[in-house]
Amino acid sequence: MNAKVLLGGVVLGAVLGGVGLVAPAVAEERSCRKTMRAVTVDNLRVPSGATCTLVGTRVKGTLKVERGATLVARGVRVEGNVQGENAKAVSVLAGSHVKGSVQVKQGGAATVTSSRIDSDIQLDANRRYLKVVSNRVGGSIQVVGNKGGAQIKNNKLKGNLQCKENSPRPTGGGNKAGGDKEDQCRRF
């Protein structure tokens, strides 16, 4: 028998027999409605209306905060992003490390303090008070179109500090940006 035919038959037999097929890895998503301590999860979701407190938790993927939900995260490690859309409040506090971005949009309050964010902090069209204080940021801080006031101070960032269309105007100072300080934040 010809080697190509034999090899082709072995490969075809292996494929048809299911040998050698690898299913794609699927990350599990876990919901948080109370307090989670020093555990590791793949992806984490705070369901609509729930309150989740994380203390020393590790999230290997994304942390999503849904409509009307509240997140208080202290000393957490998130490999992906922290995302809140229409969330009541998102707080990333005290020694937390987010390898992606913190994105809070069209929600209530947001606080990011004393943490390391490897990419950006984006706060867009929120209705309550925002606080971005004493963080190390690998990208930019963008605070745009918010209505509840904002304090932005003592951050060290590699990118730009951009604030526009916020009412009232943000307050702050002592920020060290590797890029530009723009619009409402140009004197911070």
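Student: What makes the disulfide of Cys163 and Cys185 left-handed?
Tutor: The torsion about the S-S bond of Cys163 and Cys185 is about -70 degrees, so the disulfide is left-handed. This value, like the others we will discuss, is computed from a predicted model.

Student: How do you know that Cys163 and Cys185 form a disulfide?
Tutor: The sulfur atoms of Cys163 and Cys185 are 1.7 Å apart, and the cut-off asks for a pair of cysteine sulfur atoms within 2.5 Å, so the pair is called a disulfide. The bond links distant parts of the chain, with Cys163 in strand β22 and Cys185 in the segment after β25, 22 residues apart.

Student: Why are Cys163 and Cys185 called buried?
Tutor: Cys163 has a relative accessible area of 0%, and for Cys185 the value is likewise 0%. Buried means under 20%, so the label applies to Cys163 and to Cys185.

Student: How many disulfides does the rule give, and what is the pairing when the bonded cysteines are numbered in sequence order?
Tutor: The count comes to two disulfides, and the pairing in sequence order is 1-2, 3-4.

Student: How do you know that Cys32 and Cys52 form a disulfide, and is that disulfide right-handed or left-handed?
Tutor: Their sulfur atoms lie 2.1 Å apart, and since the cut-off is within 2.5 Å, the pair of Cys32 and Cys52 is therefore a disulfide. The torsion about its S-S bond is about 90 degrees, so this disulfide is right-handed. The pair also links distant parts of the chain, because Cys32 sits in the loop between β1 (29-31) and β2 (35-36), whereas Cys52 is in strand β5 (residues 51-55), 20 residues apart. Both Cys32 and Cys52 are buried.

Student: Which residues of the largest nonpolar core touch the most other members?
Tutor: That core has 40 residues, and Leu54, Leu71 and Val82 touch the most other members. Leaving aside residues up to four places away in sequence, Leu54 is in contact with several residues, including Cys32, Met36, Leu63 and Leu71.

Student: What makes the peptide bond that joins Ser167 and Pro168 a cis one?
Tutor: Its omega is about 0 degrees. Pro168 is placed in the loop between β22 (161-164) and β23 (171-173).

Student: Why is Gly100 called buried?
Tutor: Gly100 has a relative accessible area of 11%, which is under the 20% cut-off, so Gly100 is buried. Gly100 is found in the loop between β12 (97-98) and β13 (102-105), and touches, among others, Val78, Glu79 and Ile117. Although Gly100 and Glu79 are 21 residues apart in sequence, they are 6.6 Å apart in space, C-alpha to C-alpha.

How values were computed:
Residues are numbered from 1 along each chain as its sequence is written. This is a predicted model: local features need pLDDT of at least 70, side-chain atom pairs count only at pLDDT 80 or more; totals for chains, interfaces and linings use all residues. Side-chain values use heavy atoms; hydrogens and water are left out. Helices (H or I, at least four residues) and strands (E, at least two) are DSSP runs, numbered from the N terminus. A nonpolar core is a set of buried Ala, Val, Leu, Ile, Met, Phe, Trp, Tyr and Cys residues joined through side-chain atoms within 4.5 Å. Buried means under 20% relative accessible area, exposed over 50%, partly exposed in between (1.4 Å probe, protein chains only). Contact means heavy atoms within 4.5 Å.
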